[in-house]
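Please keep the sequence and the model in view while reading.

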Amino acid sequence: MLHLPDLQRQFFDAIAGGDGVAATASSSDVVVAAIHDRGPLGSRERLEIYARMYGARLVDALAEDYPRVAALVGWDRFHEIAHAYVARHPSRHPSLRWFGERFSTFLATSVMADPGFLADLARLEWA
């Protein structure tokens, strides 16, 4: 049995990939074993719900930090770009305050950034 801090760390590692990606990794097996099956969902499915919601919250945080970028490209396109950013730059800080710090750099080097001035707009919004 894991001590609570170890279980919390493993839980975070299991959900931090966003969209359930990390919840299927072998590192999540310990966490899955600690989750009770209830109702129609098994423990892995329950963990994947947390992983998807965590990824969705990170996308929401980016939309809050970069509302003009989101408005310019539209929600569906921003959602796609933001999920790619989450996959490339997973959050490792307890606060969402710094999560979008590298978003403009990501846009500057991404083929997803169209129009080309999105990185400049993102830099302006972050400032």
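Helix α3 passes helix α5 in a right-handed crossing; a crossing is right-handed if the near helix is turned clockwise from the far one by less than a right angle, and left-handed if anticlockwise. Helices here are DSSP runs of H or I with at least four residues, strands are runs of E with at least two, and both are numbered from the N terminus. Two packed helices are described by the angle between their axes and the distance between the axes. For α3 (residues 43-65) and α5, the angle is about 115° and the axes lie 9 Å apart. The axes are lines fitted to C-alpha atoms, for helices over the stretch in contact, and the angles run from 0 to 180 degrees between N-to-C directions.

This is a predicted model, in which local features need pLDDT of at least 70 and side-chain atom pairs count only at pLDDT 80 or more, while totals for chains, interfaces and linings use all residues. Residues are numbered from 1 along each chain as its sequence is written, and side-chain values use heavy atoms, with hydrogens and water left out.

Which residues bring the two helices together? On the α3 side they are Gly55, Leu58, Val59, Asp60, Leu62 and Ala63, and these meet Trp75, Phe78, His79, Ala82, His83, Tyr85 and Val86 in α5. Contact means heavy atoms within 4.5 Å.

Leaving aside residues up to four places away in sequence, leucine 58 touches Val86, Ser91, Leu96 and Phe99. The C-alpha atoms of leucine 58 and serine 91 are 8.1 Å apart, although 33 residues separate them along the chain. Leucine 58 counts as buried because its relative accessible area is 1%; buried means under 20%, exposed over 50%, and partly exposed in between, with a 1.4 Å probe and protein chains only.

Phenylalanine 99 belongs to the loop between α5 and α6 (103-109). With a relative accessible area of 6%, phenylalanine 99 is likewise buried. Its contacts, not counting residues up to four places away in sequence, are Leu58, Leu62, Tyr85, Val86, His89, Pro90 and Ser91.

Is arginine 88 buried or exposed? Arginine 88 lies in helix α5 (residues 75-88), and it is exposed because its relative accessible area is 54%. Its C-alpha atom is 15 Å from that of isoleucine 15, which is 73 residues away along the chain.

The chain as a whole has seven helices and zero strands. Of its 127 residues, 38% count as buried. Residues 24 or more positions apart account for 54% of the contacts with a separation of 6 or more. The C-alpha atoms fill a box of roughly 50 × 30 × 20 Å along the principal axes.
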